[in-house]
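Okay, everyone, thanks for coming.

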Amino acid sequence: MTRVIHTGDTHIGYAQYHSPVRRRDFLDAFAAVVDDAVDGDVDAVVHAGDLFHDRRPELPDLMGTISVLRRLDDAGIPFLAVVGNHESTRGGQWLDLFERLGLATRLGDAPTVVGDTAFYGLDHVPVSRRDDLDYAFADHDAEYAALVAHGLFEPFGYADWDTEEVLAESDVAFDAMLLGDNHTPDVAEVAGTWVTYPGSTERASASETEGRGYNLVTFDADAAGGDDRVEIRRRALDTRPFVFVEVDLREGEGESRVREQVRQHDLDDAVVLVDVTGGGDPVTPAAVEAFATDEGALIARVTDRREVETETEVDVSFADPEDAVRERLDGMSLSPAATDVEDAVRSETVSDSNVRETVKRRVEERLDDLDAFDSGGEGGNEDSASGGIDTSDGADEPSTDDADPTDSTDDADGDADADDDADTDDSDPTDGQVSMEDYL
Ligand SMILES: [Mn+2]
């Protein structure tokens with residue numbers, strides 16, 4: 001019998017909503033999984049990729065991660081892992097460093113046997129390079145076998161990887177595929193093999209509404225009450241509370257109605273996400289957000305989804321949309337910093353994969369002069385406050401489950417170049433929205 005914790009999509013280093021507290025939450029969730037592993041004396045922790053949120057984790061994230069891995073190592077529990085799309089670097093991987101330190105095993109096409117189960121790994125591979133894969137895995141003489149992989153596999157949402165084909169082409173008969181990438185936990189049986197996602201360990205986007213957790217997987221002749229070789233159980237994690245408030249405003253209702261609805265929830269230390277729909281009067285998101293944090297929320301974000309009727313007619317000549325954009329920008333009184341950011345996002349000389357880095361650098365250069373963040377005149381505040389800095393991190397905004405194909409145009413090259421995946425998904429300049437599909 002072999003009993004392992006299967007986790008993934010930890011996204012350590014993600015300062016969601018630009019919050020250092022949220023950044024810490026992602027590391028804490030990893031620590032909580034490892035605590036459970038030690039307390040439950042499992043045979044291994046299997047990590048299916050995206051341990052880090054991006055390919056350049058900062059030193060505190062790396063040191064925190066090493067401390068957690070050391071705790072696991074001290075308990076004699078191996079950490080077996082693959083590389084996800086968010087953390088993939090050119091050349092060596094962070095996982096290789098941990099392996100060199102004796103704190104991790106990078107799974108690959110040769111078996112790593114723990115107990116009586118052989119574990120194999122398949123890092124994230126972009127769609128464009130999957131035809132080259134031969135799924136050749138070295139033989140094993142263990143009782144059970146599992147493939148740990150990072151990607152969007154059938155039969156789950158947003159899938160682009162054919163699970164049946166992988167299983168059919170593999171030299172090894174797998175009892176289970178332990179997966180990462182899709183942040184929604186699920187389990188299914190494909191051609192006699194159990195296929196499962198544990199989901200992310202902290203909510204990495206607002207579409208991850210259900211509770212977070214991980215899998216406890218047992219390989220045993222009598223698993224699942226004696227009728228299978230594999231048993232997959234879900235364990236819940238105690239994570240940052242998220243409060244989702246939907247306010248459908250009617251005629252004559254406005255901000256006080258929104259506050260009233262927000263107040264009815266337990267806001268203590270929570271991330272509070274308010275969606276305003278319907279009709280009613282104008283609502284100032286910043287005022288509601290301040291109200292929620294005054295009432296105890298850690299972070300609050302208001303998204304007004306109502307159609308805003310523009311009184312002025314917008315005159316866009318499609319002969320030169322760039323001109324129209326420039327003209328509109330002139331009228332927005334953007335701050336110098338916001339103008340810098342806008343330029344980086346829209347400029348054709350900054351490639352999509354460099355937008356994040358360029359924006360970060362330009363904002364950092366402006367930090368010595370905070371006046372540069374003030375907009376030039378009235379009417380521009382909204383744009384500089386939400387557009388100036390937030391666009392560098394689109395995952396902040398609540399996202400909708402239905403993937404809007406126009407949302408993903410900026411990321412179209414993401415799959416063609418794995419190294420760009422992690423960064424390009426943050427670069428939507430238009431509204432900061434990110435769909436689940438983009439996010440993954
Ligand atoms: Mn992920």
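Predicted model: local features only at pLDDT ≥ 70, side-chain atom pairs only at ≥ 80, totals over all residues.

Strand β5, residues 112–114, is joined to β6 by three bridges, and the two run antiparallel. They form a hairpin with two residues between the strands, and G115 there takes a positive phi near 60°.

Now stay with F119 and look towards β7. Its bridge partner in that strand is A146. β6 and β7, the latter covering residues 144–150, pair in the parallel sense over six bridges.

How many of the six residues of β6 are buried? Six of the six, so β6, residues 117–122, is largely enclosed by the rest of the structure. In a regular strand the side chains alternate between the two faces of the sheet. Here both faces are covered: T117, F119 and G121 are buried on one side, and A118, Y120 and L122 are buried on the other.

You'll find F174 in the loop between α4 (163–169) and β8 (176–180). Is F174 buried or exposed? It's buried, with 24 other C-beta atoms within 10 Å; the cut-off for that is 20 or more. F174 and F119 are 55 residues apart along the chain, yet their C-alpha atoms are separated by 9.3 Å. Leaving aside residues up to four places away in sequence, F174 touches A145, A146, L147, L167 and T193.

Okay, on to the core. The largest nonpolar core has 61 residues, and the ones touching the most other members are V45, V46, F119, A146, V148 and L178. Which helix gives the most to this core? That's α1, residues 20–39, with seven residues. There's also a second, separate core of 19 residues, and V262, L267, A292 and V302 are among them. Back to L178: not counting residues up to four places away in sequence, L178 touches H6, V46, A48, A146, V148, T196 and V217.

H6 takes us to another sheet region, where H6 stands opposite N215 in β11. Five bridges join β1 (residues 2–7) to β11 (residues 213–222), and those two run antiparallel. They belong to an open sheet of six strands, in the order β4-β3-β2-β1-β11-β12, with mixed pairing. β4 (105–106) and β12 (228–236) stand at the edges with a single partner strand each, so one side of each is left without a neighbour in the sheet. Helix α1 packs on this sheet, touching β1, β2 (44–47), β11 and β12, and its direction makes about 170° with that of β1.

α1 has a helix partner too. α1 and α2 (residues 59–74) pack at an angle of about 5°, with their axes 9 Å apart. That makes the two helices roughly parallel. On the α1 side the contact is made by L27, F30, A31, V34, A37 and V38, and on the α2 side by D61, G64, V68, R71 and L72. Those contact residues divide into eight nonpolar, one polar and two charged.

Zooming out to finish: the protein chain has 13 helices and 15 strands. Of its 440 residues, 42% count as buried. And among contacts between residues at least 6 apart in sequence, 74% join residues at least 24 apart.

Notes: Residues numbered from 1 in each chain as written. Core = buried A, V, L, I, M, F, W, Y, C linked by C-beta atoms within 7 Å. Buried ≥ 20, exposed ≤ 12 C-beta atoms within 10 Å, placed from the backbone. Helix = DSSP H or I, 4+ residues; strand = E, 2+ residues; numbered from the N terminus. Contact = placed C-beta atoms within 7 Å. Axes fitted to C-alpha atoms, helices over the stretch in contact; angles between N-to-C directions. Parallel < 35°, antiparallel > 145°, perpendicular 65-115°, else oblique. Nonpolar A, V, L, I, M, F, W, Y, C, P; charged D, E, K, R; others polar. Pairing = 2+ DSSP bridges.
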